[in-house]
Amino acid sequence: GLERGAKNQFSTFSNFITTINQKKEGIGNRNSPTQLVIPNIKNVRDLPPICLDVRQKQRISIDTLPQEVKAPIPTEPSLPIRTKTVKDFQDDVEKAKSSGNWKAVHDFYSTTFDSFLEINAAFKKDTNSPFNTIEDSGINAKFVNVVYDALLNTPQDVQKSVLKGVINGLLQEWKGPRTKDDLRAYCILLQNPQFSNTSTYVIYAHLLRQIAALTEADHHFLVHWSKKISQRRFKQLVDRLLQFISLRLFPAKPEEFPPMVKCTWWIPSATKVLALFNAANSLINPPIISYTDFYNSTLDHIDLMEEYHNWQCYGNSHRFSFCQYPFIISIAAKKVIIQRDSEQQMISIARQSLVDKVSRRQKPDMNMLFLNVKVRRTHLVSDSLDELARKRADLKKKLKVTFVGEAGLDMGGLTKEWFLLLIRQIFHPDYGMFTYHKDSHCHWFSSFKCDNYSEFRLVGALMGLAVYNSITLDIRFPPCCYKKLLSPPIVPCDHNTLVGICDVTLDDLFQIMPELAHGLSELLAYEGNVEEDFYSTFQVFQEEFGVIKSYNLKPNGDKIPVTNQNRKEYVQLYVDFLLNKSIYKQFAAFYYGFHSVCASYALLLLRPEEVEILVCGSPELDMSALQRSTQYEGYQKTDLTIRYFWEVVLGFSLDLQKKLLHFATGSDRVPVGGMADLNFKISKSETSTNWLPVAHTCFNQLCLPPYKNKKELKQKLIIGISNAEGFGLE
């Protein structure tokens, strides 16, 4: 259904041209330059029902193909001779603007866009060269940019002639595979700025449909050619596709589009083309644009769980789901999917416990519905380890924490406190499990061998529990850790399969041990004789409890010298040893601990960077954003006490601001949705102004007495937030 062919598939094109001609007279002066207006996306209606019968071919892989794709190369038809240069075109435009006679410009546009051959004749750098490689598309990008930049400022009849030409090209009958000239034409047409206007969406949709239906080998060329597009124009292309998807889901004017049931292929086609740009972006280091620029926040407002369940049931074939293309789903939306998936698992596990209890004719107990962890502050790590090991079957229940000897009831606050104190102890250098690297300000796994790695499993389980229970942790792992944590994202059934092993590079080592990574990069760049000057072998040394131990990076490595020829292999093996092999048992225990709680297909949707955000939240504090979203109880935001409070808080150092956030919410990290997601509330305390502020961390609530002046408020607030550990009941 996605292939080009019979003209009756494109009947909407003739309707579109008719509509254009009917509106011609209402446009005004046909020779006056006009600017196409992008509709306001904010004026949207409720989401129309998504058709459940959307079908899609098996998803085309966007992984990088081999450099040489073995595919038959069709013979390129001879191109017309076109000699107009960028300078000639710019002169024609200037003459038209001054004289009002746009004929030369009109003729150029109508001829150039009349067919794929004409597009290549105008914009191909050398019409006699085939340009059949992924390295060079052969497109004169400067000429394309100049022509498109001028287009929206030409009269309407010029703009319409371009659209008519595009239609002619798309309606062309095809015999055999596409040529590289065809791919060049697609690449050029995608950049047409007219497609930002909803009135052109029918044409745009058919263009996307044809590109989506190309072979994998053709997609391979488009992906590599797209890497060469400038950052600004690349971003424009991505934004245009995202806007197309958003307005098809939530049309501001539904009458502008065909009924959803007649164009179910619009969104799958656009999403697949967007996947090509995402693949191109991933091939560049650093990427052309941020991965977050591919997020479509409109998807936050659709039935995400239906998308998730469709994907779970039908996989990457049959029924389309946005979950097949997770790069388009925002981290906020992914968090919702993970939370709801977690809640469903919690309910299922709790229900099963209840059924088991009743079937054995035992009296049900509310505590059986929770993972109840009871610990002593003085034996925090050992008690926590014992509790989690003993209650492994309950890890997917809702977590509740009790500190022995304290009267606090856990409505969420004690859980936050438990996580905070436990993480603080486990990551202390004296504990020996993790090494803190001052240069990179992050922790890494200690390579010391031990008999029992259960405590690493505990840390993994803690991270899993944090994600499962929507708690943010103050853990400073490098990005490489989260990449390993998703290798693979689903625990393999075969226990002999290696886990936590991923491809690592010198860039990964720079994030942990920058000084060592710098030394290795110097080795790679060294211009002298490496073997004679460095006198190194494929052997490395590590100190373990005061004893120097040696490890071969490859068999008989101690006898293989490092030379100019094999130094790349040496560096790669060294990095792999440090980040994979030397800590394999420690990280495998950590991996299994995390996935013992967080085992979910939702993890397949996540990038390593997104896992880090879910675990740690954001370290960036925006107290002004917190001020804007704060709710008040007993106070008005204009009250003198509240004005004093925010003047004091906004003037705090970052350290004091973090202490305030921890005091009021139990964590000094910002959740995925930003400060607004904290639901922070300031309540009026009717106690004496001699009292310190009180916080209910379960509800992110600060109880503030009506202090008489700013100095007193600041003094009491600093005392309160600097001495906050432990819980009690009034």
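## Salt bridges within and between helices

D107 and K103 lie four residues apart in helix α3 (residues 103–112), so about one helical turn separates them. In this predicted model, the two side chains form a salt bridge whose closest N and O atoms are 2.8 Å apart. D107 is partly exposed, with a relative accessible area of 33%, whereas K103 is exposed at 54%.

E387 forms a salt bridge with K391, with 3.2 Å between the closest N and O atoms. E387 is buried at 6% relative accessibility, and K391 is buried at 18%.

## A pair joining α17 and α18

K483 and D508 meet in a salt bridge through their side chains, at 3.0 Å from N to O. Because K483 lies in helix α17 (residues 479–485) and D508 in helix α18 (residues 506–510), this pair ties together parts that are 25 residues apart in sequence. K483 is partly exposed, with 26% relative accessibility, while D508 is buried at 7%.

Salt bridges with shared partners also join K124, D181 and R184 into one network. The count of salt bridges comes to 25.

## Packing of α8 against α11

The axes of helix α8 (residues 201–212) and helix α11 (residues 266–283) come within 8 Å and cross at roughly 60°. The arrangement of α8 relative to α11 is therefore oblique, and the crossing is left-handed.

On the α8 side, the contact is made by Y201, V202, A205, L208, R209, I211 and A212. These residues meet W266, S269, A270, K272, V273 and L276 of α11. By class, the contact comprises 10 nonpolar, one polar and two charged residues.

How values were computed. Residues are numbered from 1 along each chain as its sequence is written. This is a predicted model: local features need pLDDT of at least 70, side-chain atom pairs count only at pLDDT 80 or more; totals for chains, interfaces and linings use all residues. Side-chain values use heavy atoms; hydrogens and water are left out. Axes are lines fitted to C-alpha atoms, for helices over the stretch in contact, and angles run from 0 to 180 degrees between N-to-C directions. Helices (H or I, at least four residues) and strands (E, at least two) are DSSP runs, numbered from the N terminus. Angles under 35 degrees count as roughly parallel, over 145 as roughly antiparallel, 65 to 115 as roughly perpendicular and the rest as oblique. A crossing is left-handed if the near helix is turned anticlockwise from the far one by less than a right angle, and right-handed if clockwise. Contact means heavy atoms within 4.5 Å. Ala, Val, Leu, Ile, Met, Phe, Trp, Tyr, Cys and Pro count as nonpolar, Asp, Glu, Lys and Arg as charged, and the others, Gly among them, as polar. A salt bridge is a side-chain nitrogen of Lys or Arg within 4 Å of a carboxyl oxygen of Asp or Glu. Buried means under 20% relative accessible area, exposed over 50%, partly exposed in between (1.4 Å probe, protein chains only).
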